[in-house]
Amino acid sequence: MASVTESIAALSFPTTSRFRTSFSRPAMMISQPAVSSYSRRGLPEFKGLKIQSYSPISFASTNSRYPRVSKHSGRVVCEAQETAIDIPAVTDETWQSLVLNADGPVLVEFWAPWCGPCRMIDPVIGELAQQYAGKLKCFKLNTDDSPSIASQYGIRSIPTLMIFLNGEKKDAVIGAVPKTTLSASIERFL
């Protein structure tokens, strides 16, 4: 330790009277961090995800109004209650046998994988398939994979849900609508 202090003292730094300090040791220089391409563009640099964990005592004292928050202390507390049912797909080859020749009503969802509202309504279709099991058959038709059927039924907007009965189109619902709206449409044909 003494050799480090002696070597620092041996260094001579030019000082002017304007910047003279009362310290006996020389001022240390701090190097600036390298400027990344993100900061040059004015964007914040991504350094990874950070999870803050609060101790139950300190967090509960600041938020005494919400006592349940202190029990979890940074852990993941959300778990899925049920898993969604995978709705079977229908294609050009299976359209005739699964939809048009089916006994009873059939609900077909016209969708595409890139469609956000289609992904939003997918769990609702799964719930309806469970609710009307044995009374209603549910299928999904990817409009990118089967464009001929989509154009045959005039699908211009997705998600579109169609109800078929005895091979005939009976009703159509366009867009991501609430479950109650779909249930009301289905109930008319059961």
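## Strand pairing in the sheet

In β2, W111 has N142 as its bridge partner, and L107 stands opposite C138 of β2. Strand β1 (residues 105–111) pairs with β2 in the parallel sense, over six bridges. Two strands count as paired if DSSP finds at least two bridges between them. Helices (H or I, at least four residues) and strands (E, at least two) are DSSP runs, numbered from the N terminus.

The model is predicted: local features need pLDDT of at least 70 and side-chain atom pairs count only at pLDDT 80 or more, while totals for chains, interfaces and linings use all residues. Residues are numbered from 1 along each chain as its sequence is written, and side-chain values use heavy atoms, with hydrogens and water left out.

## Overall layout

The chain has eight helices and four strands. In sequence order they follow the pattern α-α-α-α-α-β-α-β-α-β-β-α. The four strands form an open sheet in the order β2-β1-β3-β4, with mixed pairing. Its edge strands are β2 (137–142) and β4, each of which pairs on one side only. From one strand to the next, the twist averages 25°.

Of the 190 residues in the chain, 28% are buried. Buried means under 20% relative accessible area, exposed over 50%, and partly exposed in between (1.4 Å probe, protein chains only). Among contacts in the chain with a separation of 6 or more, 65% come from residues 24 or more positions apart; a contact means heavy atoms within 4.5 Å.

Strand β3 (residues 160–165) and strand β4 (residues 168–174) run antiparallel and are joined by six bridges. One of the paired positions is I163, whose bridge partner in β4 is D171.

## Strand β2 and K140

Five of the six residues of β2 are buried, so the strand is largely enclosed by the rest of the structure. K140 lies in this strand and is buried, with a relative accessible area of 13%. Leaving aside residues up to four places away in sequence, K140 touches I87, P88, A89, V90, E109, W111 and D122.

Helix α6 lies across β1, β2 and β3, and runs at about 165° to β1. Axes are lines fitted to C-alpha atoms, for helices over the stretch in contact, and angles run from 0 to 180 degrees between N-to-C directions.

The axes of α6 (residues 116–131) and α8 (residues 179–187) come within 10 Å and cross at roughly 40°. That makes α6 oblique to α8, since angles under 35 degrees count as roughly parallel, over 145 as roughly antiparallel, 65 to 115 as roughly perpendicular and the rest as oblique. The crossing of α6 past α8 is right-handed, meaning that the near helix is turned clockwise from the far one by less than a right angle.

On the α6 side, I121, V124, I125, E127, L128 and Q131 meet K179, L182, S183 and I186 of α8. By class, this contact of α6 with α8 has six nonpolar, two polar and two charged residues. Ala, Val, Leu, Ile, Met, Phe, Trp, Tyr, Cys and Pro count as nonpolar, Asp, Glu, Lys and Arg as charged, and the others, Gly among them, as polar.
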